[in-house]
Amino acid sequence: MHSPQAAVLTFALLCKVAVAAPHLVIVNADVFTADPARPRAQAVAIEDGLFSAVGTNAEIRALAGPATRVIDAGGRLATPGLIEAHVHLGSVLPSPPLAMPGLHFPGPTAEQVLAAVAAAAKAPGDWISAWIGPIVARDQRNWRVALDAVAPDRPVLLRGFWGHTAIVNSAALKRIGIPEDVADPIGGQWGRDASGRLDGRADEGASSIPETRATPPEPAKLAVPFRDAAQRYARWGVTSIHLMNSGKSLQLTLDTLALANTPQKWTIYSWAPGAVPSIAGAWAGMDAAPKRLPQRVRIDGPKWMLDGTPIEQNALQREPYAGRPDWRGRSNHSDAQLREILQTALRRPEQMALHVVGSAETDRLFAMMESLAPAAAWKEKRVRVEHGDGILADTLAQAARLGVVVIQNPTHFPPAGAPRRPTDPHFLLKSLVSAGVPIALGSDGGSEEASPFLNIMLASTYAASPGEALSREQALLAYTAGAAYAERHERRKGRVMAGLAADLALLSQDILTVPSQALPATRSLLTLVDGDIVFEDPALSGTARLE
Ligand SMILES: [Zn+2]
């Protein structure tokens with residue numbers, strides 16, 4: 001006999017069981033969990049966007065209810081969703097770029113660029129644009145004068161493909177409204193000749209000003225490259241993206257992401273250089289951002305560029321650059337400015353990302369951090385050092401003590417046998433891990449992002465410096481749990497663990513065992529973000545079945 005209360009209780013229990021049954025289970029997988037307590041598993045259950053259970057095939061199958069979809073992974077490797085920890089997207093020049101020989105390295109010569117601009121100037125049209133490489137970027141001639149001679153009436157923009165530098169002529173300066181007495185933006189420089197006249201150079205914080213003023217970007221146009229990139233990322237199993245928001249306002253990027261409606265989780269590292277009237281303004285811009293953000297989008301930062309790069313030779317190094325005995329590069333900020341940046345970061349709740357590449361700029365940063373606050377306070381802050389190329393063997397311990405997280409870009413590594421000079425970047429990798437410095441990996445893609453599996457190949461072979469190569473497992477950890485730590489979300493994602501976001505990639509091949517050269521061909525067959533299938537390869541259907 002059932003009392004009414006017992007019936008209610010039974011109904012409640014039934015509901016509870018029904019609610020608790022996972023909506024999706026994946027069985028017969030080789031799950032690399034990134035969870036040290038259970039490094040490998042066979043199966044996962046997913047409910048309400050989270051992994052609800054991780055275990056053996058038998059344990060997880062037992063949880064399935066009548067409405068549960070069961071996917072048989074066919075024994076393939078499943079990993080936490082990959083996290084691209086450093087990418088730029090949506091750089092646009094004001095006109096289709098002139099074809100340039102030698103890109104990206106060593107790039108066109110000055111003569112090749114001037115000849116191409118002269119030829120373009122003979123045809124009707126408006127802006128003349130081109131991507132340039134290191135040869136032109138390092139050429140110290142007065143480029144404004146040189147470009148005016150071949151294109152006196154047409155605005156010309158030459159842009160370093162890696163950011164950091166741009167070159168314009170007089171017509172371009174006039175078009176974008178840069179007066180002769182323009183003040184340098186925070187963290188940037190307008191180049192001048194000996195007489196004080198602008199020489200056409202726009203470096204660092206000034207370098208993105210010409211392109212953004214020439215063609216104010218529109219969300220509808222920018223949404224196209226964002227959506228394309230997101231699709232490629234979904235096919236690579238990338239479920240989160242750390243976007244370095246270079247050259248764009250926060251609002252523009254938010255509007256673009258709202259339109260693009262991509263499946264990934266985005267952390268936008270808001271960008272200070274060139275865009276803010278004061279150092280405090282970088283944080284004020286974040287405060288002014290709308291509170292309602294597009295789905296799966298969050299804002300963090302800001303990101304500051306503390307120096308340049310070895311490509312244009314503006315990263316501040318301990319040693320002079322080859323062939324320039326009096327030039328070690330330069331800092332983008334005075335001591336007072338750097339101090340204000342660091343002190344503000346200490347007061348604010350947000351994380352901070354710092355592009356710092358030169359060894360001497362890294363020394364300067366670490367010394368100032370130590371002078372301003374105890375190491376424990378910095379460790380709590382988890383300052384991101386983007387690239388980290390200036391951390392040398394003798395500053396590893398300091399980096400670990402200050403708790404900085406290094407985001408390294410294996411696509412920057414030199415090829416095997418490349419001649420090394422003291423000012424060449426050192427790109428420590430395994431030494432960072434051995435010293436206890438947390439790392440994440442990213443492509444540093446600009447107009448084109450790179451496959452995480454290419455980066456995992458480069459990080460785990462490191463042809464130019466095999467002693468610094470990571471193991472495949474270390475590289476994969478950097479792309480998952482390490483990157484989640486790098487954005488302070490390790491309690492939400494980055495590992496396959498009950499209670500964490502169900503972000504997952506089921507891979508086409510076992511990236512822990514295939515030959516290195518096969519790694520870049522890896523694809524995801526099934527990509528989940530918060531338990532939603534955002535990409536499913538038809539090849540998986542052969543092994544997937546409804547039960
Ligand atoms: Zn970058």
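Which residues of the largest nonpolar core touch the most other members?

## Nonpolar cores

Of the 81 residues in the largest nonpolar core, those touching the most other members are W283, W304, L342, M352, M369 and V404. A nonpolar core here is a set of buried Ala, Val, Leu, Ile, Met, Phe, Trp, Tyr and Cys residues joined through side-chain atoms within 4.5 Å. Buried stands for under 20% relative accessible area, exposed for over 50%, and partly exposed for values in between (1.4 Å probe, protein chains only). Another core lies apart from the largest one; it has 20 residues, among them L24, A29, A502 and L525.

M352 is in contact with W283, G301, P302, W304, I341, L342, A345, R382, V383 and R384, leaving aside neighbours within four places in sequence. Contact means heavy atoms within 4.5 Å.

## Basis of the model

The model is predicted: local features need pLDDT of at least 70, side-chain atom pairs count only at pLDDT 80 or more, and totals for chains, interfaces and linings use all residues. Residues are numbered from 1 along each chain as its sequence is written, and side-chain values use heavy atoms, with hydrogens and water left out.

## Zinc site

H86 (NE2), H88 (NE2) and D444 (OD) coordinate the zinc ion at 2.0 to 2.1 Å. Donors are N, O and S atoms within 2.8 Å of the metal (3.2 Å for Na, K and Ca); water is not among the atoms, so sites may look incomplete. The donor residues follow the spacing H-x1-H-x355-D in sequence. H86 belongs to strand β8 (residues 82-87) and D444 to the loop between β20 (439-441) and α16 (452-461), so this pair ties together parts that are 358 residues apart in sequence. Both H86 and D444 are buried. Helices (H or I, at least four residues) and strands (E, at least two) are DSSP runs, numbered from the N terminus.

F226 lies in helix α8 (residues 219-235) and is buried, with a relative accessible area of 0%. Not counting residues up to four places away in sequence, F226 touches L89, G90, L243, K248, T253, T256, L257, A260, T262 and W266.

T256 is one of the buried residues of helix α9 (residues 250-260), along with L250, L252, T253, L254, L257 and A260. The buried residues of α9 pack against α8, β14 (238-244), β15 (265-271), α10 (279-287) and β16 (297-305). N261 follows α9 and has a positive phi, near 50°.

## Backbone features in loops

Cis peptide bonds, with omega about 0°, join L103 to H104 and F105 to P106. H104 lies in the loop between β8 and α3 (110-122), and P106 is also found in the loop between β8 and α3.

D48, in the loop between β4 (43-47) and β5 (50-55), is not a glycine but has a positive phi near 55°. D48 is exposed, with a relative accessible area of 67%. H164, in the loop between β10 (156-160) and β11 (165-168), has a positive phi of about 70° and is likewise not a glycine. H164 counts as buried at 8% relative accessibility.
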